Amino acid sequence: MKETRLGEFEEVILLLVGILGEEAYAFKIAEEFESQTKRAVSIGAVHSTLNRLGDKGFLTSEMGKSTPERGGRRKRIYTITASGQRVLQIARDFKLSLWDQFPAFSTGKLSFGK
Amino acid sequence: MKTVKQIPPKLARRFLLWFLRDDLAEEVLGDLEEKFLVVLNEKSLFKARLHYWYQTINYLRPFATRHLKSNSNYFTMYQHNFKLTYRNFLKYKSTFLINLIGLSTGLACALLIYLWVADEVAVDKFHQKNARLYQVIENQGLSGNTRSTRSTPWLLAEALAEEMPEVAYAAVATPPFWHEKSTLKVKDKSVKAGKQYVGRDYFNIFSYNLIHGDKHRVLNDKNSIVISEDLAVKLFGTVDNILGETIEYQQEAEYVVSGIFENIPASSSIQFDFVLSVELLKDSQPQAFLWKNSGPYTYLVLKEGTDPIAFNEKIAGFIKTKTEDTHRSLLLTKYAENYLRGNFQNGKRVGGRIEYVRLFSIIAIFILIIACINFMNLSTARASRRMKEVGVKKAMGVPRKALVIQYLTESIVLAFLALLLAIAVVSMFLPEFNLIMGKQLVLRPNAELAVAAITITLFTGILAGSYPALYLSGFKPVTILKGKLQNSVGELWARGGLVVFQFTLSVIFIVCVLVVYKQIAFIQTKNIGYNKDNVIHFEIEGKIKENLDTFLTELERIPGVVSASAAAQSMVGGGNTANISWEGKDPDTKIPFAFRPANYGLIELLDLKVTEGRAFSRNYSDSLAVIFNESGIKTMGLKDPIGSVIQLGSFQCKIVGVVKDFHYESLRTPIRPMFFILSPPQFLEKVVARIEAGKVGPTLERMEQFYRKYNPGFVFDFKFLDQDYQNQYRAEQRISVLSRYFAVIAILISCLGLFGLAAFTAERRSKEIGIRKILGAGSLKIIMSLSTDFTKMVLVAITISLPISYFITRSWLSNFAFGIDLEWWFFLGAGLLALLITWLTVGIQTVKAANANPVECLKDE
């Protein structure tokens with residue numbers, strides 16, 4: 001059976017695909033990752049992850065339009081599938097349930113400005 | 001203005017397209033180009049291009065690369081070969097281990113020897129002007145033969161530089177081993193260091209690079225001293241800003257630092273800590289600077305384009321134009337070659353250290369071959385196991401070439417695995433090896449070493465794999481698949497021949513080890529005619545020089561000191577002269593006599609036996625008296641030597657005694673004529689003292705205390721005479737130790753192979769053994785029948801090896817004028833040893849097979 005769990009890096013990439021919408025292609029995602037997380041990443045690494053997410057069925061992709069700064073080359077635009085949406089939802093719910101059980105949080109000693 | 005094109009690096013793009021899956025090319029190239037433009041805007045073009053490379057390399061991921069596998073037959077085949085190799089290793093673990101251990105030991109030997117050889121060959125080749133760098137040596141045509149010596153006239157270098165337009169630079173230099181270490185002092189720091197007196201252009205000839213100072217001028221002033229980096233740090237604590245400082249030398253002179261040279265690399269055959277100007281010697285010993293006197297070495301650099309052969313002819317008779325000596329001629333030799341090929345006979349190069357280089361290279365190759373033979377034998381012996389595989393493959397139409405490649409892959413993979421192990425072994429044993437060889441070799445990864453290691457390994461792999469590959473791939477598929485494989489007579493012969501070859505080499509090694517060992521023992525124990533034990537010597541310097549007699553008398557008063565005297569050199573080594581004549585001498589004969597300047601008491605101190613006359617004595621007016629050895633008297637043909645007068649140069653010397661012949665040189669040479677001459681203190685350089693046996697330690701301590709008080713500012717730096725004696729045979733001792741190691745390794749590897757072969761034979765014949773036992777054969781009978789084949793092979797090996805080893809050892813022993821005789825039992829012993837080892841190796845296997853319960857091997861099937 002194909003592996004369907006979501007790694008941390010995969011989760012972030014998947015979210016970024018959702019955020020970027022029409023502009024979700026490897027270069028843009030890598031740029032967005034770097035600006036949001038302040039961590040360096042190579043396009044190759046992002047591409048590899050996108051490819052893996054596609055294999056797991058969380059993403060689909062198709063070739064999009066070309067722009068002049070790419071030397072007239074087309075780009076591959078990624079979109080989240082229904083199962084991608086679901087897996088993100090599950091990941092979020094799981095984290096929230098963990099947070100709910102976290103004692104410091106539930107007793108209200110820490111303020112997260114919620 | 002020319003603008004650089006702001007595009008991504010072409011090479012990176014080509015590389016990317018080479019490995020990237022075609023369907024990804026468009027989007028990836030686009031992405032990377034966008035990224036490139038972003039970086040370009042933010043940073044520089046260079047950074048952007050660099051970043052492009054980074055991104056490219058980051059695309060080297062499985063998902064993005066082409067799958068070579070999918071459409072290449074070659075890839076599939078090699079993958080298959082590797083897989084089979086791996087499985088075969090796993091399946092036949094003992095064979096694999098035997099081969100691995102054998103090959104890695106062989107490779108380790110080869111690597112070690114390669115490191116050593118590479119180091120030896122590189123010696124003295126680092127000088128920038130190496131191609132034009134020559135040393136002039138002197139040939140002396142003496143009665144009977146020509147003696148070649150590196151000692152040349154003191155005036156030669158200057159004269160050549162002046163008179164010969166072909167010479168770019170020429171300089172005289174005293175060899176560092178002439179001089180004992182001398183004491184240098186700066187303020188309160190004294191250091192002992194080795195020196196050399198050299199001519200002005202020395203640093204123009206040799207590439208001992210100057211850190212400070214101008215190489216054209218450092219030696220212009222005769223009071224200059226040029227010191228090494230290390231010495232500078234020891235004396236001044238720094239190498240900077242010390243030009244112009246003064247250094248006190250031996251408490252007798254002060255010299256000004258004019259230059260500092262980089263520490264001399266280990267690959268230089270000359271090692272020294274500082275140099276002084278040869279002009280100093282011209283002042284202190286003007287009598288040396290005459291054309292009739294030879295001494296120091298002469299080096300020169302020829303101008304570019306000079307023909308060395310023509311120049312050699314031109315200078316050959318140079319000395320004759322300066323003196324009346326007609327027997328002295330000059331020879332131009334390549335400086336870098338003098339290290340490895342430093343021996344001359346009859347005025348021609350005849351070898352030298354290169355013989356050891358060759359010897360060890362041959363040994364390395366032989367050990368590798370022995371290891372390869374193991375692989376060949378075990379693979380062919382086990383061929384029956386792989387017959388079906390070969391048969392099926394051939395029936396399916398696999399060409400022979402592919403099978404050959406498969407088996408070669410197996411052996412080459414094994415060889416590379418062995419290489420990894422060998423590298424570990426080498427790095428483990430390198431310190432020990434350095435100790436034996438007196439080297440500072442390091443295992444540093446560099447291109448040269450990598451190329452050498454890979455070449456050696458490939459060679460080993462191919463050598464080991466070639467025979468099995470050709471053999472296995474040559475089967476006829478029909479015969480194999482029918483299940484019949486007749487062992488051909490030729491094949492058995494080949495396998496036996498290989499074992500015979502291994503054991504022949506092993507036996508030769510054993511004999512050589514025995515003979516070298518016996519000869520070394522002989523050297524150690526031979527009565528050399530004087531007593532070298534418990535004798536020390538040290539330099540006459542400082543206050544000792546002022547009054548030698550007082551010092552010697554006081555030294556003798558120290559408890560534990562038996563006697564003290566003085567000489568010019570340690571007993572080992574010294575000068576020669578042919579400038580000697582006696583009554584009735586044929587004026588044309590030129591025979592070199594060794595001479596040893598001596599003080600009173602030296603003859604007695606060394607326990608030399610006086611056969612006629614007496615030793616030097618203060619009771620007579622013995623100034624310039626001489627004492628000959630028996631050979632000397634015989635050479636001169638004097639009937640009644642005592643009281644005769646001989647002419648030595650311009651001096652008249654009276655013979656007062658004769659000593660029995662003794663070995664003042666190494667045992668390699670026969671005892672030549674020599675004489676002691678009672679010399680005034682200025683010709684003596686060493687104090688010699690005998691210490692009471694058994695009290696060496698405490699006496700030395702007392703001597704040092706006394707020395708420090710008597711001669712402040714100098715260090716009591718002594719040497720033992722018997723150590724000097726041993727040092728003459730360092731090369732032989734190295735050979736002795738190394739040959740022992742190599743012999744053990746050769747025998748071990750051979751035995752490993754035999755062990756494997758015996759195990760295999762026992763296994764294959766297990767049914768036969770079972771039936772024999774059931775029919776009533778005893779264990780002993782079975783052991784005999786199993787080991788007969790091996791015994792035969794080893795016997796053949798012994799027969800072949802004995803004459804060969806006889807010739808090898810005899811030719812080695814001929815280097816010694818005094819050597820041991822080859823006894824018959826060396827050879828018999830070596831043969832028996834080999835046979836014994838064989839039986840032990842084979843015995844373990846056969847006894848196991850013979851004692852097995854016959855039911856075990858007969859029940860299945």
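Helix H3 of chain A is followed by A:Gly57, whose phi is positive, near 90°. Helices (H or I, at least four residues) and strands (E, at least two) are DSSP runs, numbered from the N terminus. This is a predicted model, in which local features need pLDDT of at least 70 and side-chain atom pairs count only at pLDDT 80 or more, while totals for chains, interfaces and linings use all residues. Residues are numbered from 1 along each chain as its sequence is written, chains are lettered from A and ligands numbered from 1 in the order in which they are written, and side-chain values use heavy atoms, with hydrogens and water left out.

Stay with H3(A). This helix covers residues 43-56 of chain A. Its 14 residues reach 20 Å from the first C-alpha to the last, close to the 20 Å expected at 1.5 Å a residue. The expected span is 1.5 Å times one less than the number of residues. Ten of the 14 residues are buried, so H3(A) is largely enclosed by the rest of the structure. Buried means under 20% relative accessible area, exposed over 50%, and partly exposed in between (1.4 Å probe, protein chains only). Among the buried residues are A:Ile43, A:Val46, A:His47, A:Leu50, A:Leu53 and A:Lys56.

Now take chain A as a whole. It has five helices and two strands. Along the sequence they follow the pattern α-α-α-β-β-α-α. Of its 114 residues, 34% count as buried. Take the contacts (heavy atoms within 4.5 Å). Among those in chain A between residues at least 6 apart in sequence, 50% join residues at least 24 apart. Chain A exposes about 7000 Å², and carbon and sulfur atoms supply 55% of it. Such areas come from the Shrake-Rupley method with a 1.4 Å probe; for residues, only the protein chains shown count as cover.

Next, the aromatic rings. A search of the whole structure finds 51 aromatic pairs over all chains. Rings of Phe, Tyr and Trp (its six-membered ring) pair if their centres lie within 6.5 Å; planes under 30 degrees apart count as stacked, over 60 as edge-to-face and the rest as tilted. B:Trp116 and B:Phe360 form an edge-to-face pair, 5.1 Å centre to centre with 90° between the planes. The pair links distant parts of the chain: B:Trp116 sits in helix H6 and B:Phe360 in helix H13 (residues 354-381), 244 residues apart. B:Trp116 is buried at 4% relative accessibility. B:Phe360 is buried too, at 5%.

B:Phe126 and B:Tyr208 form a tilted pair, 6.2 Å centre to centre and 55° between the planes. B:Phe126 lies in the loop between H6 and strand E1 (133-141) of chain B, and B:Tyr208 in the loop between helix H8 (202-205) and strand E7 (210-212), so the pair ties together parts that are 82 residues apart in sequence. B:Phe126 is partly exposed at 27%, whereas B:Tyr208 is buried at 3%. Both belong to a cluster linked by ring pairs, including B:Tyr202, B:Phe261 and B:Tyr335.

Back in helix H6 (residues 93-122) of chain B lies B:Ile101. B:Ile101 is partly exposed, at 41%.
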